[in-house]
Amino acid sequence: MHKDFLKVEGLSKVFPGARGDAPLTVFSDINFTIDKGEFVCIIGHSGCGKSTILNILAGLDEATSGLVIMDQREVSGPSLDRGVVFQGHALMPWLSAKKNVEFAVRSRLPKANGVTVEAICRRYLDLVGLIGAEHKKPSELSGGMKQRVGIARAFAIEPKMLLLDEPFGALDALTRGVIQDELLNICAQTHQTVFMITHDVDEAILLADKIMLMSNGPQARIAEIVVNTLPRDRSRHTIHKDPQYYLIRNHLVDFLVSRSREFTECPPADYDPKRPPSVTPGLAAPEPVIPESLLTSRAIAKPVLVNIRK
């Protein structure tokens, strides 16, 4: 991986107050880096500014202060170097699945001939399992199939970075699991750099190399960065068999349930927002489970009576 492919420095977003109210600082002093080929998820409660950060990375919104530098260039507006997949599929309803992908490819390669465009479209539609349904319009596709078209379209422009804003949030569990597997497969083949918003702890553990935890808003910050120490070739079907999985999961859930609020109210004394702490809960030694009967000095072994009479 190339270090610091994406660098975010001192990012803040302030919305003006309505009717004379004080301005609202959604988040402040956000700092992090993403290496090339890395998959990073960000988790936090609603209102902490996750989607706003993604929109700033995409060039669709402007920060009040701070910089976003990708591949040694400052992000100052939308670009085909960054593909975006939103919660809604955002497909053009009058075009087929293939034509939606083709539209993106021709935006990236306006001088490409038909054979080249056809090959690119077919490759990514095949990767998301839509060969056979490529001529159907969005109204003829299920919700999961529409999201697959959106993912294929984003990958087809071969962006330097892929931005995903809860793309599977509205899907049922079975469909979400299938598309997660497809996304892992595509990323393994393309070595794509990904920044993804999710509220699903298990999804983050399955997909991400790093998981950024945001404190509650307003004035939200990146409280810590969890390094996923599970093997990268992990599978949705076997991940729960690795003891690290539960250590990481418990750490994330504990943050969301209690520590995110505690961090907002009273950050640790040594916390530096310019260098959020990186932690590896998956490598922590699990605490031994001691039977309750052994925790008291009054525990007395009771004799066991065995009836040996025939």
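The model is predicted, so local features need pLDDT of at least 70, side-chain atom pairs count only at pLDDT 80 or more, and totals for chains, interfaces and linings use all residues. Residues are numbered from 1 along each chain as its sequence is written, and side-chain values use heavy atoms, with hydrogens and water left out.

We begin with strand β3, which spans residues 39-43. Strands (E, at least two residues) and helices (H or I, at least four) are DSSP runs numbered from the N terminus. Five of the five residues of β3 are buried, where buried means under 20% relative accessible area, exposed over 50%, and partly exposed in between (1.4 Å probe, protein chains only). In a regular strand the side chains alternate between the two faces of the sheet. Here Phe39, Cys41 and Ile43 point one way, while Val40 and Ile42 point the other way.

Strands pair if DSSP finds at least two bridges between them. Four bridges join β3 to β8 (residues 193-197), and the two run parallel; within this pairing, cysteine 41 stands opposite methionine 196. Four bridges also join β3 to β9 (residues 210-214), again in parallel, and isoleucine 43 stands opposite leucine 213.

Glutamine 72, in the loop between β4 (65-70) and β5 (73-74), has a positive phi of about 70° although it is not a glycine. Glutamine 72 counts as exposed because its relative accessibility is 76%. Glutamate 166 also has a positive phi, near 45°, but counts as buried because its relative accessibility is 18%.

Finally, we turn to the pockets. A pocket is an open set of points on a 1 Å grid over the protein atoms alone, where a 1.4 Å probe fits, with protein on both sides within 12 Å along at least five of seven lines; lining residues have an atom within 4 Å of a point. The largest pocket has a volume of about 380 Å³, a volume being the space filled by probe spheres set on the points. Of its 18 lining residues, the closest to the centre are Leu80, Arg82, Val84, Arg153 and Ile157. The second largest pocket holds about 250 Å³ and is lined by 16 residues. Helix α5 gives the most to that lining, with five residues.
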